[in-house]
Amino acid sequence: MNLHQSEGLAGVMTGAGYDLVDRLESADVVLFNGCMVRQKAEEKVYGRIGAVVEEKRKRRVTLGVGGCLGQVRGESLLSRFPAIDFVFGSGGHRSVPDLVERVRVGSDRVVACGEPTTIDELPHVRSNPVSAMVTITEGCSNYCSYCIVPYARGPMRSRDPASIVREVEDAIRSGALEVLLLGQNVNAYGTDRPELGRFALLLARVAETGIPRVRFTTSHPRDMTDDVLDAIGSTANLCNHLHLPAQSGSDRILAGMNRGYTAARYLGIVDAARERIGGVNVTTDLIVGYPGETDADFEATMRLIEDVRFGSIFVAKYSPRPLTRSGRLEDDIPEPVKSERLERVLDRQRRIALEENERFVGQDVEVLFESAARHGGFVGRADDHRTVVARGGRIGELANVRVEAAAAAGLSGSVPVHQGIEGRR
C-alpha cells in the first residue's frame, strides 16, 4: 500500500513539473512516505532523515515527511526534527506540490494532515512495468487491537468499480500482464457502499478485462466469503494464491486482538479454499509476543503453522503502536522471549516451505518474469505467488519453467523452449 501510494506521489510531483532522480545529492525535494504499522518501520524513516539533514547543511533541500507517519505524528515531527519543512498525511496528496512551493517561497513550516475520508484518484509513476498495483479500498473499520491503520488511514472506503476497471485497462495498455488489487481489507469491499457490489463481483469485472493475472491483498479472515473462493477457483486469470493473515493460533490471543474468528474458523476457511481452488498457496502474517502471550498461546500458533503448512509467512515481534487499544496494555513479553519465538516460527516455516517447494521439482510452472536475478537469469512469480529464478525467459514475459531445484525461499529452473507471451508495450 505504501509503495503504491509513493507511486501516486511520484505521479503528482512529475505532473507538477518535477523529475524523479536516483540520488539524494541530485534532489531539490525529498519526500518520505512513512509507515507506522510497526516501530521498526517508523525508526527506519527517522534514521534516513539524518542523511537528508547532512545534505541540507550543504545546500537547499526541501524535506517533507508524510503518509501514515505524518498522519499520526503530525506536529511532533516538526519539534523532533528541525530539518523537516512540512508534514503531510495519508491522504490529500494532490496538495503536496503546493506544500513544497509554499515552504520554498516562505519561511513557515507546515503541517497538512486532514482526516482521510476519500480515496485519492492520482496519476501513478509505476515502479513495476509488468505488475500494476491498483487500490480498491483505503482504510479499515475492524479496529484490531494492535493495528494503527484505522487511525492512520481512516475508516474503510470502497472505490468505484468503473474507476478501478479503467485503471486496470490503462495498465494493460501500458504493457502490464498482472494487476494487484490493494486494500487493507480487500474482501470487505463494498460493505460500506452496497450499491457498488461485493468483492467477488469486482473480481469478476477485473478478470473480464482479459489481463492474464489478477492478484489481491490483503484479506481478513473475518470477511472471507465462499463466493470469493468460488470466483478464484472458477476463473482462469484469478491467481491461486490467498494471503490470509492469521496473526495467532491462540483463541485467547485472537479474542484479545479483536480478530473476530477462532483458530478453528481460520482452519475452516483454509479447508474451503483448498476444496475450491486447485493448488492454492496460502500465506499469512503472524505476531509473536503480543501482551499476555503465554507459552501455551505460542504453541497454539506453532500448531496452526503445522496444520496449514503455509507457503510463506511474514512474522514480526509485537511492538505497541500509539492510539491502539493494545498500546495501553503492558508490553510484558521480554525481548529475548519475543526473539526466541520469532526464530522458532522462522525455523519451522523454513522446513515446511522447503518440503512444500520440493513437490514442484520436475514439474513445469508458469512464471511471470519481473526482474533480472542477481547471479544471472530472471526472477518471477508462479501463479500461486512462489518465487522462481530461471535461466532463459525475458522480463515482461509469461513462460513455462521446468523446476530443477527447490529451497525454502522458492524454486529454480530453466525455460525449456522460448515460448513466452511478451508484454504489450
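Helices (H or I, at least four residues) and strands (E, at least two) are DSSP runs, numbered from the N terminus.

This is a predicted model, in which local features need pLDDT of at least 70 and side-chain atom pairs count only at pLDDT 80 or more, while totals for chains, interfaces and linings use all residues. Residues are numbered from 1 along each chain as its sequence is written, and side-chain values use heavy atoms, with hydrogens and water left out.

Next, show the side chains of Glu42, Val45, Tyr46, Ile49, Val52 and Glu55, the buried residues in helix 2. Look down the helix axis: the buried residues fall within an arc of 150°, taken from the directions from the axis to the C-beta atoms, so they line one face of helix 2. An α-helix has 3.6 residues a turn, so residues three or four places apart point the same way.

Now turn to the face pointing away from that buried side, where you will find the exposed residues Lys40, Lys44, Gly47 and Arg48.

Last stop, the cysteines. How many disulfides (cysteine sulfur atoms within 2.5 Å) are there? The count is zero. From Cys35, the nearest cysteine sulfur is that of Cys68, 6.3 Å away; Cys35 is partly exposed, at 25% relative accessibility. From Cys113, the nearest is again that of Cys68, 11 Å away, and Cys113 is partly exposed at 23%.

Methods: Disulfide = S-S within 2.5 Å. Buried < 20%, exposed > 50% of the residue type's maximum accessible area, 1.4 Å probe, protein only.
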